[in-house]
Amino acid sequence: MSETRVHLSKTEPAAYQALDAFSKTVGQICAANGIDDRLKEIVMIHCSQLNGCAYCVRIHVDRAVAAGVDTDVLTQISTWRESGVFSDRERAALELAEAFTFISEDGVSDDVYDRVGSVFTEKEYAALSWACVSINAFNRIVIAGRYPVPPRASQEQV
């Protein structure tokens, strides 16, 4: 991916700043409604994985580690349905993340809505939904702009 693309956050910074402010508001809504950083970051990672956004995966893995998510959980996110490491709340949040990320396929089906709604309060459901909306928006900006994800300095081969 050596092609240079328009960097939306630099070309039209006002729109990007508004999205960044929206994201901060979503973070506040999550915190106020009982969605801790651990759960929020697991959702952010999964949406970014599903969209193929390596840039956002890296950012949210770093934030997840800071929130106390361990390596075992991080490596299981993409296979959460087959894994036993996730709580009922985490499993419901991951299912909701998939519904929002692929919303054009089935919307949020009644089955998903009912399953997730049986685990989360209305406020928690709303907070997680806004988190999904936020990260999916960022994923689209980053993927369209082909933001680079170079190796970290400690990982570079000499």
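For the charge count I took Lys and Arg as positive and Asp and Glu as negative, leaving out His and the chain ends, and I placed each charge at NZ of Lys, CZ of Arg, CG of Asp or CD of Glu. On that basis I found 15 positive and 22 negative side chains in the protein, with the centres of the two sets 7 Å apart.

I note that this is a predicted model, in which local features need pLDDT of at least 70 and side-chain atom pairs count only at pLDDT 80 or more, while totals for chains, interfaces and linings use all residues. Residues are numbered from 1 along each chain as its sequence is written, and side-chain values use heavy atoms, with hydrogens and water left out.

**Overall fold**

I looked up the secondary structure as DSSP runs numbered from the N terminus (helices are H or I, at least four residues; strands are E, at least two), and the protein has nine helices and zero strands. I then checked the radius of gyration, taken over C-alpha atoms, against the globule rule of 2.2 Å times the number of residues to the power 0.38. The value is 16 Å, close to the 15 Å that the rule gives for 158 residues, so the protein is as compact as a globular protein of that length. Along the principal axes, the C-alpha atoms fill a box of roughly 45 × 40 × 30 Å.

**Contacts and burial**

Counting a contact as heavy atoms within 4.5 Å, I found that 73% of the contacts with a separation of 6 or more are between residues 24 or more positions apart. With buried meaning under 20% relative accessible area, exposed over 50% and partly exposed in between (1.4 Å probe, protein chains only), buried residues make up 36% of the 158 residues.

**Aromatic pairs**

I paired rings of Phe, Tyr and Trp (its six-membered ring) if their centres lie within 6.5 Å, calling planes under 30 degrees apart stacked, over 60 edge-to-face and the rest tilted; the structure holds four such pairs. In one of them, the rings of Tyr-16 and Phe-138 have centres 5.7 Å apart and planes at 80°, so the pair is edge-to-face. Tyr-16 lies in helix H2 (residues 13-32) and Phe-138 in helix H9 (residues 122-145), so this pair ties together parts that are 122 residues apart in sequence. Tyr-16 is partly exposed at 27% relative accessible area, whereas Phe-138 is buried at 10%.

I also looked up Phe-22 and Trp-130, an edge-to-face pair with 5.7 Å centre to centre and 80° between the planes. Phe-22 in helix H2 and Trp-130 in helix H9 are 108 residues apart, and their pair links distant parts of the chain. Phe-22 counts as partly exposed at 26% relative accessibility, and Trp-130 counts as partly exposed at 41%.
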